[in-house]
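Me: I am new to this structure. Can you walk me through how to read its features?

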Amino acid sequence: MPGKDPLTTAPANLKAVRSLLLDHLDIHENSSAYPTDLDPLEVGIVGDTAHVKNGNSYHLGLPEQAKTGYAATESSRDKASLSAYASALDVGYFSITVKGKTHTLRTFSAWLVAECKKGASDTLDIREVIYSLDGRTVHRWDRLGRRTSGDSSHTFHTHISFFRDATKAGRDLTALFKRYLISIGLIAGPKPAPAPAPAKPSAPKPPAGLPKRTLGSRQLKKGSKGTDVWEAQRLLNAKGAKLTTDGDFGPATEKAVRAFQRAKKLDDDGIIGPHTLAALRKK
């Protein structure tokens with residue numbers, strides 16, 4: 001009440017939003033000599049004596065906020081969550097240039113309202129935004145569609161009301177404001193997730209139904225069949241042959257074996273024995 005310390009409390013989640021904005025928009029910290037940056041006194045949460053006298057503002061919590069009125073009962077999200085917490089944030093005028101482009105309270109307000117209108121997920125806890133785009137005309141975006149304007153104090157600051165269930169529950173409200181700071185280049189965005197590693201090709205498998213034999217456990221010649229023939233065909237292909245790897249030692253495989261043996265100055269008998277297999281396995 002006028003003349004007494006307010007009983008309304010600033011919730012931790014709105015304090016976090018306030019700190020985030022001041023960390024990046026209060027360029028000349030603790031100095032009022034630079035009117036274009038955002039100073040601590042220009043970012044408010046708890047209402048002043050005028051708000052208390054009126055008794056109906058998102059800047060107020062119990063007992064200063066009346067239990068009836070637009071800031072308490074128009075939305076079920078407010079009515080069921082009325083507490084000692086204030087549920088609004090005022091942002092004063094700022095102007096900052098990043099990479100040659102100037103960003104101000106006016107452009108921030110336009111961006112914020114556009115995000116609210118399109119229903120961005122990180123705006124859903126916002127009840128209303130009262131703002132001016134030119135310093136003369138006051139506009140109001142109201143999620144409930146009840147009001148369209150506000151008083152003249154909003155020509156030089158933007159008011160953001162949050163549904164009281166969000167502040168009472170302590171939900172993180174910084175995401176939207178981080179996204180704004182990222183969008184104007186003041187802070188870095190999240191690093192993109194690394195591209196998934198390419199899937200390792202699965203090891204080739206011999207055709208189903210071939211007799212299972214270990215390569216090197218026998219001589220391979222025309223008419224042989226088995227998984228050992230399949231492996232030998234793959235070794236021959238690695239040396240330049242172009243065989244169908246079917247595990248069947250036919251005329252094409254015999255021809256490829258003879259050509260390989262001649263190239264390696266081996267006896268070109270068309271049979272894969274220990275010497276020919278050793279040469280095939282040699283890198």
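Me: Which residue just after H7 takes a positive phi?
Reply: Keep in mind that this is a predicted model. The residue is Gly-185, with a phi of about 85°.

Me: Which residues of helix H7 are buried?
Reply: H7 covers residues 175–183. Leu-176, Phe-177, Tyr-180 and Leu-181 are buried there.

Me: Why are those four on the same side of H7?
Reply: Start with the general idea. An α-helix has 3.6 residues a turn, so residues three or four places apart point the same way. Now the case here. The buried residues of H7 are Leu-176, Phe-177, Tyr-180 and Leu-181. They cover an arc of only 135° around the axis, and that puts them on one and the same side of H7.

Me: Which residue forms a salt bridge with Glu-115?
Reply: To read a salt bridge, look for a side-chain nitrogen of Lys or Arg within 4 Å of a carboxyl oxygen of Asp or Glu. Glu-115 pairs with Arg-179, and their closest N and O atoms are 2.8 Å apart. Glu-115 lies in helix H5 and Arg-179 in helix H7, so the pair ties together parts 64 residues apart in sequence. Glu-115 is buried, at 7% relative accessibility. Arg-179 is partly exposed, at 29%.

Me: What else does Arg-179 form a salt bridge with?
Reply: Asp-122, again with closest N and O atoms 2.8 Å apart. Asp-122 lies in the loop between H5 and E5, so this pair ties together parts 57 residues apart in sequence. Asp-122 is partly exposed, at 24% relative accessibility.

Me: How many salt bridges are there by this rule?
Reply: The count comes to 17. Some link up: Glu-74, Arg-127, Asp-142, Arg-146 and Arg-147 form a network of salt bridges.

Me: Is Thr-8 buried or exposed?
Reply: Use the cut-off: buried means under 20% relative accessible area. Thr-8 has 7% relative accessibility, so Thr-8 counts as buried. Thr-8 is found in the segment before helix H1 (12–25).

Me: What does the side chain of Thr-8 reach at 2.8 Å?
Reply: The backbone nitrogen of Gly-61. The side chains of Thr-8 and Glu-64 are also joined, by a polar contact of 2.5 Å. Other residues that Thr-8 touches include Val-46, His-59 and Tyr-85.

Me: Where does UniProt place the domain "Peptidoglycan binding-like"?
Reply: The unreviewed UniProt entry puts this feature at residues 226–280. In the model, that span is 58% helix and 0% strand. Its end C-alpha atoms lie 18 Å apart.

Methods:
Residues numbered from 1 in each chain as written. Predicted model: local features only at pLDDT ≥ 70, side-chain atom pairs only at ≥ 80, totals over all residues. Heavy atoms only, no water. Helix = DSSP H or I, 4+ residues; strand = E, 2+ residues; numbered from the N terminus. Buried < 20%, exposed > 50% of the residue type's maximum accessible area, 1.4 Å probe, protein only. Polar contact = N/O pair within 3.5 Å; in protein donor to acceptor, adjacent residues only side chain to side chain. Contact = heavy atoms within 4.5 Å. Arc of directions from axis to C-beta. UniProt positions renumbered as here; feature names shortened; annotations may be inferred.
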